[in-house]
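Subject: Structure for your review

Dear colleague,

Please find the structure below, followed by an account of what was found in it.

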Amino acid sequence: MFKTALDHWGEDSFAKHFRAAIRALELDQLPLKECCNYSAMIDKDSIDVMILSSSANEKTIKLKIGVFFCEVLSGCACSDDPSQAQMLENSYCELLAQIDRSSAKIKFSYASYAS
């Protein structure tokens, strides 16, 4: 997944390809649960990523990323509107991502989180 992003390192299109690779990950591959304040159930479709800083050497690319996502809050529908039974709460997490340039494998660690 990250191979395409690596092919565009140093270009304006890197961020677009990196975001697409992040969104293609399964939720258990993206460590966001520590940043959750409510349910730890994350709406995968709400995930968006911003690259905050980056550095690179011949072996790795290191990125500090901000991840925006929504937590799913389940509740009761107190009216006849069933859409009220599920709400989304905005959340944010900062992660450090390290991409191995030869294998395109990525490792994450927590930078910080904010509610």
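In what follows, a residue is called buried when its relative accessible area is under 20%, exposed when over 50%, and partly exposed in between, with a 1.4 Å probe and protein chains only. The model is predicted: local features need pLDDT of at least 70, side-chain atom pairs count only at pLDDT 80 or more, and totals for chains, interfaces and linings use all residues. Residues are numbered from 1 along each chain as its sequence is written, and side-chain values use heavy atoms, with hydrogens and water left out.

Helices (H or I, at least four residues) and strands (E, at least two) are DSSP runs, numbered from the N terminus.

Disulfide and cysteines

The structure holds 1 disulfide (a pair of cysteine sulfur atoms within 2.5 Å). Cys 35 and Cys 93 are the partners, at an S to S distance of 2.0 Å. This pair links distant parts of the chain, 58 residues apart: Cys 35 is in the loop between helix H2 (14–24) and strand E1 (42–56), and Cys 93 is in strand E3. Cys 35 is buried at 0% relative accessible area, and Cys 93 is likewise buried at 0%.

Not counting residues up to four places away in sequence, Phe 69 is in contact (heavy atoms within 4.5 Å) with residues including Leu 32, Ile 47 and both Cys 35 and Cys 93.

Surface and loop

Phe 68 lies in strand E2 (residues 60–74) and is partly exposed, with a relative accessible area of 36%.

Ala 104 is in the loop between strand E3 (86–100) and strand E4 (106–114). Its phi is near 65°, a positive value in a residue other than glycine; most residues other than glycine have a negative phi. Ala 104 is buried, with a relative accessible area of 15%.

Yours sincerely
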